[in-house]
Amino acid sequence: MTSVCTLTNISRRYGRHWALRGVSLAVGASEIVGLVGPNGAGKTSLLRIMAGLLQPTDGDVRRQSSEPGSVTYFAGERALPPHVPANAWLRLWVGRSRPDLGRRQIATLSRGMRQQLGLETTLSQCSDRRRWSLVLLDEPWEGLDPDAARWLSSQLREIRPQGASAVVSSHRIHDLAGVCDRCVFLKQGSVVDEVRMSTSMAAGVDRSTMLFEAFDRLSRAEKGTDR
Amino acid sequence: MTQPGPLKIFATILRPPPAMIAAHAVVLVWAGYLGWLAPGDMRAVYVVLLLGQSFSAATGFTVRARRGHFDQVLAAPACRMVVGLAHALVSITIGVLTWLLVAAIEALANRGHVPLGLTLPAVSALLYMSAVAWASALPFARYSSGVVWLILAIVLAGAGKLLALRQAYAAAAEPGGDVWRATGAALVFPPLMVTEPSAPIAISALLLLGVAVVVAGIGVLAIESFDVPLVDPS
């Protein structure tokens, strides 16, 4: 299978701390990959390396497309520029404004509204959903109400048939289970497990249950390491 | 929708705050008043604009980039050189626009004479100040280089060095004057290029322009190689 983005033996160090160690991951075309792991596991660093915002200390990153805008990344509502009027931000990325936002700055919106604004503008970039385009989302369901969470899940499911791929990091196992083709488990900067949703279907096991079991294994292993 | 270009993105994120726009409007009104009252001498307006540019061009990069504000424009496979140039261009725009408007007012008031703001020394002082203010603020927050430059000017004035710099610069006008000393003085305090227009400044002005290009190039290269780890603003 041709990969949209391939990471080979990626390591990243901040000072003396290794955030990632020897991570290899290939994201296939039209594939949605979930990243799961405890806080500090290296999920954000991995996404930023895939987005080209961080350089790996070691390893190689290859992206299929060199077209501008083929990689879109959203780090969460805190990464939005707070002093920009929300409607100016919408007009910039989506080409329209929302009357209910008036002249309010992004900083004055609620957390959930900021998160939805950021997701809307990020996902609009792959609205033509070009083949080989890659959407990278860091904790996208955080702060969303149930309606907005459902909207996000449906948006993610929609990008797949149109040729775009996504890598989504989240602690929300149920939501991830609903959209991902595969979940990669990270612990202390390394890939420790991988669950393919197709196997859950074959085994007749609920997707969420399968992911929760894998996460429990990860947690137990971590506690064992701590002792 | 196709992705907007870096110029458009930076124009939205780095738009000057209302106080900055108001300050530039006040300078324009002042220029109009001076143009009516004493059209032959607009030097004070240009000196204030140079000081203003040291603030308005200092938009900062690293702090905002680490908070994720520029993620969508910096994400691969963006050409970081183009991103750096766009950031520089947007940062200096308001100061340059006001400068051009003041020059237009001066030209109108002087009925067709070449305005001081469009002479080689004045233009090189503006571009030098813009480049230095923009590039030196890249690792810091907005306005940082303006604050530093203001403190430097106050310290120089307090220590009586401003007069020495002015004399060094003006001395270059005399036969056998030291152009290098004059250029050094202009590098430390570029408003001299505007306040002392009688000095033989062509070489100094070109040297200042050269330094401006080098400084801007260093800034663009810094953005090109910048690593952007995410820092939580809280």
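**Exercise 1. The sheet of chain A and its helix**

Task: Find the strands that H1(A) lies across, then describe the sheet of chain A.

Solution.
- Step 1. H1(A) lies across E3, E5, strand E6 (134-138), strand E7 (165-169) and E8 of chain A. H1(A) runs at about 155° to E7(A). Axes are lines fitted to C-alpha atoms, for helices over the stretch in contact, and angles run from 0 to 180 degrees between N-to-C directions. Helices (H or I, at least four residues) and strands (E, at least two) are DSSP runs, numbered from the N terminus.
- Step 2. Before going on, note the source. This is a predicted model, in which local features need pLDDT of at least 70, side-chain atom pairs count only at pLDDT 80 or more, and totals for chains, interfaces and linings use all residues. Residues are numbered from 1 along each chain as its sequence is written, while chains are lettered from A and ligands numbered from 1 in the order in which they are written.
- Step 3. In chain A, 6 strands form an open sheet with mixed pairing, ordered E5-E6-E7-E3-E8-E9. Two strands pair if DSSP finds at least two bridges between them.
- Step 4. Look at the edges. E5 and strand E9 (190-196) of chain A each have a single partner strand, so one side of each has no neighbour in the sheet. From one strand to the next, the twist averages 15°.
- Step 5. Take one pair. Strand E3 (residues 32-36) and strand E8 (residues 182-187) of chain A pair in the parallel sense over 4 bridges. A:Val36 stands opposite A:Phe185 in E8(A).

**Exercise 2. Where the chains meet**

Task: Which elements of chain A give two or more residues to the side that touches chain B?

Solution.
- Step 1. Count the contacts. 29 residues of chain A are in contact with 24 residues of chain B. Two residues are in contact if their C-beta atoms, placed from the backbone, lie within 7 Å.
- Step 2. The elements are helix H1 (43-50), strand E5 (71-74) and helix H2 (86-93) of chain A.
- Step 3. Sort by class. The chain A side has 15 nonpolar, 11 polar and 3 charged residues. Ala, Val, Leu, Ile, Met, Phe, Trp, Tyr, Cys and Pro count as nonpolar, Asp, Glu, Lys and Arg as charged, and the others, Gly among them, as polar.
- Step 4. Check the scores. The model has ipTM 0.90 and pTM 0.92.

**Exercise 3. A helix pair in chain B**

Task: Are H2(B) and H3(B) roughly parallel or roughly antiparallel?

Solution.
- Step 1. Helix H2 (residues 18-37) and helix H3 (residues 43-56) of chain B have axes that come within 11 Å and cross at roughly 170°.
- Step 2. H2(B) and H3(B) are therefore roughly antiparallel. Angles under 35 degrees count as roughly parallel, over 145 as roughly antiparallel, 65 to 115 as roughly perpendicular and the rest as oblique.
- Step 3. Residues making the contact include B:Trp30 and B:Leu34 of H2(B), and B:Val48 and B:Leu49 of H3(B). The contact divides into 9 nonpolar, 3 polar and no charged residues.

**Exercise 4. Glu196 of chain B**

Task: Is B:Glu196 buried or exposed?

Solution.
- Step 1. Locate B:Glu196 in the loop between helix H11 (192-195) and helix H12 (202-224) of chain B.
- Step 2. B:Glu196 is buried because 20 other C-beta atoms lie within 10 Å. A residue is buried if 20 or more other C-beta atoms lie within 10 Å of its own, exposed if 12 or fewer, and partly exposed in between; C-beta atoms are placed from the backbone.
- Step 3. Leaving aside neighbours within four places in sequence, B:Glu196 is in contact with B:Arg166, B:Tyr169 and B:Ala170.
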